[in-house]
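Here is a short tour of one model, meant to be read with the structure open beside you.

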Amino acid sequence: MMKPLLEVEDLRVRFHLRTGIVEAVRGVSFQLGRERLGIVGESGSGKSQTGRAILGLTPPPGEVTAKRLAFDGIDLLTASRRTLRTLRGGRVSMVMQDPKYSLNPVMTIGEQIIEAYQAHAKASRAEARDKALAMLEAVKMRDPGRVFSLYPHEVSGGMGQRAMIAMMLVTDPDLLIADEPTSALDVTVSMEVLRILDELVAERGMGLIFISHDLKLVSSFCDRVLVMYAGRVVEELEARNLREAKHPYTQGLMRCLPTLADDIRPLPTLNRDPSWAL
Amino acid sequence: MAGSPALSQPTGLRAWLLSPEPASRWQARLGRFYLGWRSFTRNPLAVIGLGIVVLLIVVALLADVLAPYSPVVGGDLRTQRLLPPSETFWLGTDDQARDILSRIIHGSRITLFVVVLVSIIATPIGLLVGTIAGYLGGWVDTVLMRITDIFLAFPRLVLALAFVAALGPGIENAVIAIAITSWPPYARIARAETLMVRNTDFIAAVKLQGASTPRIIFGHVIPLCLSSVIVRVTLDMAGIILTAAGLGFLGLGAQPPSPEWGAMVATGRNYLIDQWWVAAMPGLAIFVVSLGFNLLGDGLRDVLDPKAAK
Amino acid sequence: MLDIQNLKVVFGTGRLRVEAVKNVGFTVKQGEAYGLVGESGSGKSTVLRAVCGLAPITGGRVLVDGKEVTTPRSKDFYRTVQMVFQDPYASLHPRHTVDRTLSEPLAIHGEKDAEARILQALKEVGLGPSFRFRYPHQLSGGQRQRIAIARALILRPKVLLLDEPTSALDASVQAEILNLLDDLRRRMGLTYILVSHDLAVVAHLCERLLVMRHGEAVEETAADALRSGKAMSEYTQSLIQASQGFTRNPSQPTYAKVG
C-alpha cells in the first residue's frame with residue numbers, strides 16, 4: 001500500500017458564536033489515495049466545512065483541530081503560511097459551486113488562468129499563455145482562443161465552470177476538492193462538466209474529493225463514498241455497493257428520492273433518529 | 001452549517017423571551033425586541049449614547065424642577081454678572097447675570113423640540129417619497145428622484161438661512177427649514193432598500209394574493225426600509241442639533257431671551273477670552289448631546305442594519 | 001380548468017428583446033397535475049409567471065375556468081389561482097410572523113374567522129399551532145415551504161402553480177413536501193401546474209407533462225410514457241439519461257486505482 005495522499009484524523013471544526021459553540025464537523029477521519037472520494041450529506045451535515053478545513057479556508061470565527069491533517073506527509077496544521085500558500089492552488093485545488101462567484105469579474109478568463117499558473121510555476125508569459133490555451137482545450141472549449149479573451153459574464157454557467165476547472169487544474173495539482181461543482185448547472189451540462197473532470201482526474205492520476213448532496217450522482221461518479229450526518233461520518237462504503245448500505249440514514253436518503261423506474265407513493269420519508277447524531 | 005445546538009439553556013423570563021415557539025403576537029415581538037436589545041447592550045459606547053439621549057429627555061421634562069434659578073430673569077447686574085463657576089452658580093453666570101446651568105437645562109427643551117419635530121416631519125416624507133419612487137419605478141421614480149436631487153443640491157444651512165430670512169426668524173421656522181433640507185437622504189436610502197425588496201418572491205407572493213399597491217408599500221416594503229432610515233435619522237441628529245445651534249448663533253433661530261444653546265454661544269463670543277465659560281458651557285452641552293446621538297446611531301446600526309455595520 | 005393557447009412572452013424591446021416563450025399551448029383538466037420540464041432558459045417558469053400576471057402575455061390567450069384572464073388580474077383570479085415559489089428562504093417576509101403571513105390574504109379578501117382558518121391552514125400542511133407566532137428565521141427550509149403552501153391554500157384556490165417547490169430543499173425534505181402536495185391534491189381536488197428541472201419529481205407528481213427547450217414546446221407526453229420509455233424525442237431521452245446519474249463512457253481509458 002502506498003502512502004496516502006491525504007490523511008485526516010479526528011477533524012473538528014468549531015464555530016464560537018454569541019449563542020454558544022457550534023461544532024460543524026465532529027471528528028471526521030479518512031484517508032485518501034489517488035482515487036475519487038465522494039462526501040455526501042444534507043445541508044448542515046458539515047460536508048462543505050470538511051472540504052474547506054482541509055484547504056485552511058474555514059471562515060472566521062471557525063476553529064479547526066485535528067489529531068492529524070496531512071497532505072503528502074506535510075502537516076497542514078503546523079505548516080507555515082508560506083508552505084500553505086504554495087500548496088493551495090498549486091498542489092491542492094478547489095472548485096466551488098458557482099463559477100459566477102469564484103471567477104474574477106473584471107479579468108478575462110485567460111488572464112486568470114495565466115495568473116493561477118504563474119503564481120505557482122516559474123514560467124514566461126508566452127509559456128503560461130500556451131499552457132492556458134492547452135488547458136482550455138483540455139476542458140473541451142470549442143474555441144479556446146476566443147474563450148481566452150472573454151470575461152466571465154460573457155460565458156454560460158457550464159462554460160464558466162469548465163473555465164474554473166481549467167484554472168484549478170493548470171498547476172497540475174495532486175488533489176482536487178470539488179464542492180458541489182455542478183449543482184448550479186443544468187443536468188445535461190453538468191454531465192458534460194463531470195465527464196471532463198472525470199477524464200482529467202483519470203489522466204493525471206489526481207486524488208479527488210467530490211462533495212455533494214446528490215447521493216445518486218456521487219455514487220455513480222466516485223469510487224468510495226463517505227456519508228455525513230450532523231458533522232460525523234455515519235457510513236463509509238464502496239460506491240458500487242451503495243445498494244447494500246447499512247446505516248438507516250444512507251438507506252433513507254436512497255429511498256426518499258422519486259425515480260422514473262418505479263412509482264411509490266407516498267415516498268418513504270426519513271425518520272431522523274436522534275442517536276445518529278451522537 | 002449548524003451541527004449541534006447551542007450549549008447554554010436560558011431560564012425564567014429570558015427563556016420566555018427567547019422561546020422558539022412564542023404563544024402570542026406579543027411574545028414574538030418582545031422576543032425579537034429582546035434579541036435586539038441584547039446585541040445593542042453588548043456595545044458599551046451605544047449604551048453611553050442611549051444614556052445621554054435619555055438624560056436629555058429627562059432633563060427637558062423636569063427642567064422646572066431641576067433648574068436652580070430662572071433661565072430668563074437674571075440676578076443683580078452689579079454683583080452677579082459673568083461670575084466664574086462656583087458653588088452658588090455651578091457653571092457660572094452670563095452677561096445678564098443669569099445662571100448658565102439653569103439656562104442650559106431649559107435650553108434642552110428647545111433642543112429636544114427641534115430634534116423631535118425635524119424627525120417627525122422629515123422621516124415620513126423621506127420614507128414615502130423613497131418607497132413610492134422605488135416601488136412604482138418608471139416616470140414616478142424619475143420625477144420624485146429629480147425633486148429629491150434638487151433638494152439635495154442645496155447646502156442645508158444656506159437654504160435654512162434663506163427660508164428663515166423669508167419667513168422671519170424663530171425656532172419654528174428654523175425647524176421647518178431644517179426638516180425640508182434633511183429628508184432627501186432618507187428618500188434615497190428608502191429607495192435603495194425598496195429596489196432590493198421589490199423583486200423578491202415575498203413581494204410577488206403578496207401581489208398574487210391580490211394586495212393593492214398601497215397595502216404592499218405600507219405593510220410590506222416600509223417595515224423593511226424603516227430600520228436603515230431610523231439609523232440614518234439618528235446619525236443625522238447631531239448635524240440637526242448643530243444646524244439649529246448655528247441658526248441660533250447667527251440670530252436666526254430662537255430669539256432672546258430664549259435659552260437656545262447656539263444663541264448662548266453667540267453671546268458668550270464677546271467674552272471668550274476672559275469669561276470662557278459663558279460660551280464653553282453651552283458649547284459643551286451641544287457637543288455632548290451630538291455625541292450621544294451619534295453613538296446611539298452607531299449602536300442602532302449594528303442592531304438594525306447588520307449589512308452596513310462593516 | 002386551465003387552457004393556454006399560443007402563449008408568447010417577450011421581455012424588453014430593440015436589442016434587448018428576448019422571446020422567453022414562443023407559441024406554447026396546453027390544457028389542464030380539473031383535478032389534474034401537469035408538469036413543465038426543461039433546463040434553465042427553457043421558459044418553463046415564465047409560462048407560470050405569465051399565467052399569474054408576474055410576466056406579460058405578449059401573444060396568445062390564457063383561460064382559467066373558461067374565462068380569459070384580464071390584465072391586471074381580478075381579485076377573483078387570485079382566489080382561484082395561487083402560487084408556491086422555489087426558494088422558501090426568499091418567499092416569506094423576514095419581518096412577519098407566520099401568523100401575519102397567513103392572515104394577510106384573509107385580510108385582503110375581507111375573510112372572516114381568521115383565527116380558525118390560520119390554525120386550520122397550519123394543520124393542513126402538517127404543522128401545529130405552536131408554529132403560529134414564529135418568524136421565518138425560526139423555521140427550517142421544509143417548514144418554511146409548508147408555510148408557503150399554507151399561505152397559497154388559505155384562500156381555497158382551485159389551481160396551484162408550483163415553481164420548483166422542492167429544488168431548494170434537501171432530498172429527505174423534498175420527499176415530505178412531495179407527499180404533502182400529493183395528499184393535498186387528492187383531498188382538496190386541486191389542479192396543479194408544476195415547473196421543475198427534475199424529471200423524476202415531475203413524473204412522480206404529474207400525470208402529463210410538457211418538455212420545453214429554448215422557449216418552445218418539445219413534446220407533450222404522459223408520466224407513464226416517460227417511465228416506460230415510449231414515444232420520446234431525442235432531447236427528452238437525453239434529459240432522462242442525465243437524470244439517471246453519471247455514466248462513464250466505456251470507450252474512455254479505464255481508471256487505474258492506486259493503493
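In chain C, Glu111(C) and Arg117(C) pair through their side chains in a salt bridge, with N and O 2.3 Å apart; the term stands for a side-chain nitrogen of Lys or Arg within 4 Å of a carboxyl oxygen of Asp or Glu. Arg117(C) is partly exposed at 22% relative accessibility, where buried means under 20% relative accessible area, exposed over 50%, and partly exposed in between (1.4 Å probe, protein chains only). In general, side chains of opposite charge can pair when their charged atoms come close.

A word on conventions: this is a predicted model, in which local features need pLDDT of at least 70 and side-chain atom pairs count only at pLDDT 80 or more, while totals for chains, interfaces and linings use all residues. Residues are numbered from 1 along each chain as its sequence is written, chains are lettered from A and ligands numbered from 1 in the order in which they are written, and side-chain values use heavy atoms, with hydrogens and water left out.

Over all chains, the whole structure holds 52 salt bridges. Some of them are set out here.

| Glu111(C) | Arg117(C) | 2.3 Å |

Within it, Arg12(A) is partly exposed, at 22% relative accessible area.

Why can Arg232(B) and Asp236(B) be about one helical turn apart? They sit four residues apart in helix H10 of chain B, so about one helical turn separates them; helices here are DSSP runs (H or I, at least four residues), strands are runs of E (at least two), and both are numbered from the N terminus. Arg232(B) is partly exposed at 31%, whereas Asp236(B) is buried at 12%.

Now to the interface of chains B and C. Here 27 residues of chain B are in contact (heavy atoms within 4.5 Å) with 32 residues of chain C. Together the two chains bury about 2,600 Å², 55% of it on carbon and sulfur atoms; buried area is the accessible area (1.4 Å probe) that two parts lose on being put together, summed over both. Arg32(B), Leu208(B) and Gln209(B) supply 29% of the area buried by chain B against chain C, more than any other three residues. Three salt bridges are counted between the chains. On chain B, helices H2 (25-41), H9 (201-207) and H10 (213-249) each give two or more residues to the side that touches chain C.

UniProt, in an unreviewed entry, lists residues 108-297 of chain B as "domain: ABC transmembrane type-1"; its positions follow the numbering used here, feature names are shortened, and annotations may be inferred rather than shown by experiment. That span is 83% helix and 0% strand, with its end C-alpha atoms 19 Å apart. Among the stretches listed as "transmembrane region" in the unreviewed entry are residues 110-137 and 276-297 of chain B. Residues 110-137 of chain B are 96% helix, with end C-alpha atoms 40 Å apart; for residues 276-297 of chain B the values are 95% and 31 Å.

Finally, Ile177(A) lies in strand E8 (residues 175-179) of chain A and is buried, with 0% relative accessible area. Beyond its neighbours within four places in sequence, Ile177(A) has contacts that include Gly51(A), Leu55(A), Val92(A), Met94(A) and Ile209(A).
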